[in-house]
Each structure stands twice: as C-alpha cells, then as structure tokens.
Amino acid sequence: MSTTSISIAGHRAAWLVRAGDYLELTKPRIGAMVLVTVGVAAFVANWGPPSGWLLLHTLLGTALVAASASALNQWLEQDTDAEMPRTANRPLPAGRLSNYQVVRFSVLTIVAGVAYLALAVSLRTAALGLLTWTLYVWVYTPLKTLTPINTTVGAVAGALPVLMGWAATGAPLDLRAWSLFLIVFLWQFPHFMAIAWMYRGQYAEAGLKMLSTVDPTGFRSGAQAIVAALALIPVSLVPCLSQPAGGVYFAWALLLGAIQLACAIYFFTQLSERAARRLLLASLVYLPAMMGLLVLGPLA
C-alpha cells in the first residue's frame, strides 16, 4: 500500500471517529425515543398518518433541537461526567472534542432546528421546541446539582415533544393530547428511579442531587416509582375512549401498566440491583409498546 493510500485511509478513519463523537453528543438513543413520541403524537392527533412531508419536516426539526439540547447538556455537565465511570468516556471529559466545537455545534443545531420548524412546520411547533430546549438545558441540567426536583423538570422537558408532534398537525391540544403528554411524563419516573438507584454511588460522588442520593434508604425513590406507575394506568386508558379499536388498546394498556406497577412494587420492597434492573427493563418495554398500541390499535 502506498504512502498516499495510507494517508487517505488514516484521514478517513479520523473523520469517522470524529463523526462518531458528534453523534454521541446527540445522545442518539434518547433522541430516537423523542422522535418516536413526536411521530406517534402526530398520528394520534387525527387517528391516521399525517402528511409524509409534514412528518418529515417535524422530525428533522425536532432532531436538530434535541441534538443541541443533548450537546449543551454534556457541555454543562462535563465536570460531573468526568467523575462517573458511566459517562467519563463521553467526548468532552475524554478530551476528544473541545468546548468550542461542542458549543458551536449546539448553537448551529438549535438555530437551524427552531428556524426549520418555524418555516416548514408551524410557529407553535417551533415555540414548543424552544421551550423544551430551554427547560432541558437551562433549568433541568443546573438543578441536578441542587435538588431532586430536577427529575420532575426533566420529565416535563421529556414529554413536551409529544405536544410538538401534536401541534405540527394543527389539531387542538385536547384531552387526548394531554393524556399522551402525561403518559410520557409519568413513565419517566419509574425509569429514572431505577437508573438513579443503580448508579446512586456514582451520582453521589459527582454531587448530583437525585432521590437515591439525598435519601439513601431508597424509600422515596421506591415510593415515587410506585405512585407514577399507578397513576399511569388510568391516564394510559384515556386514549381508548376515542380510539377506533378501544377494546384492544384498553386490554393491552391495562396489562402493560399492571406489569410495570408490579415491577415498581418489587423494586420498593427489595431495593436491590436486580429489582432496579427489572424495573428499568419493564420501563424500556412499556413506552415503545404503548406507542405501538396507539399507532396499531386502530388497525386491529
């Protein structure tokens, strides 16, 4: 192999590594879940698929806003990320990206995302996107070192994309819209409580104020998981009141809610690593399954 070929291969490998670091900044798994909730909300708003172009524009703009929020979150948390093994290898604490690169990426994506939503979708969708970004970056992130209330604020920010998808269709924010918002909002508490318990030692060392660190007995974490999982059951049944296949949705939503509640109760009674992982798994099954039911239920 010639020197030129080796040089080209080296540049290509370096470019791929850098692209991977920027992708990691966007927290792609969280971003994917956000886009799913946006798409499902747009579908449920009219109980049918929205315009393909409208959905594409909404998802693209939302992806840009979410990418900016995740990148700025990592920029603000780089010191605490460096203290925890689970986050120490992120691009900023690991030194693979500079502060300037991350901030520039964040500014470009939020400006592009909000402008794109305003021009290609609607001003209301763009405003909700900017509100989501503001809550996540400038309220939720700083609160993580101050008070466990950060989880509630983060849950609001995590559920607001539902309203973005709904608003994109032009449909009014009715009871179905708010019930879908509450499903995503409440779901985050069992999910977050499981994660916070599993990594409570790392969070405590990094100075993050989670329920699992301010209350090491685990009582408040377990109780919050149960209350949210219990509240999810009646809230999740609201869409079936107007869904074309309400009976199918009702049965499956009730079953999924009962399983997650059982896992939350088990977590509260055991407060073990195994119980936390079981609750985490239940939450990871619950939300995608509920989103699938909302889309496929009317087709049953």
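Reply: The side chain of T26 has a polar atom that lies 2.6 Å from the backbone oxygen of L23, which is a polar contact in the sense of a pair of N or O atoms within 3.5 Å, where within protein one must be able to donate a hydrogen and the other to accept it, and where residues adjacent in sequence count only if both atoms are side-chain atoms. The model is predicted, so local features need pLDDT of at least 70 and side-chain atom pairs count only at pLDDT 80 or more, while totals for chains, interfaces and linings use all residues. Residues are numbered from 1 along each chain as its sequence is written, and side-chain values use heavy atoms, with hydrogens and water left out.

T26 is found in the loop between α1 (3-25) and α2 (28-46), where helices are DSSP runs of H or I with at least four residues, strands are runs of E with at least two, and both are numbered from the N terminus. With a relative accessible area of 16%, T26 is buried, because buried means under 20% relative accessible area, exposed means over 50%, and partly exposed lies in between, using a 1.4 Å probe and protein chains only. Leaving aside neighbours within four places in sequence, T26 is in contact with A67, S70 and F105, contact meaning heavy atoms within 4.5 Å.

The loop between α1 and α2 also holds K27, which counts as buried at 13% relative accessibility. K27 has a positive phi of about 50° although it is not a glycine. Most residues other than glycine have a negative phi. A positive phi, near 50°, is also found at L271, again a residue other than glycine. L271 lies in the loop between α12 (246-270) and α13 (273-296), and its relative accessible area of 21% makes it partly exposed.

Another loop residue is E77, placed between α3 (52-76) and α4 (78-83). What does the side chain of E77 join in a polar contact of 2.9 Å? The partner is the side chain of K144, and, not counting residues up to four places away in sequence, E77 touches T141 as well as K144. E77 is buried, with a relative accessible area of 6%.

For a residue inside a helix, take A157, which lies in α7 (residues 150-168) and counts as buried at 4% relative accessibility. Apart from neighbours within four places in sequence, A157 is in contact with T132, L135 and Y136, and its C-alpha atom is separated by 8.6 Å from that of T134, 23 residues apart along the chain.

These parts belong to a protein with 13 helices and zero strands. Its radius of gyration is 20 Å, which agrees with the value near 19 Å that a compact globule of 300 residues would have; the radius is taken over C-alpha atoms, and the globule rule is 2.2 Å times the number of residues to the power 0.38. Along its principal axes the C-alpha trace spans about 65 × 50 × 40 Å. Of the 300 residues, 50% count as buried, and among contacts between residues at least 6 apart in sequence, 73% join residues at least 24 apart.
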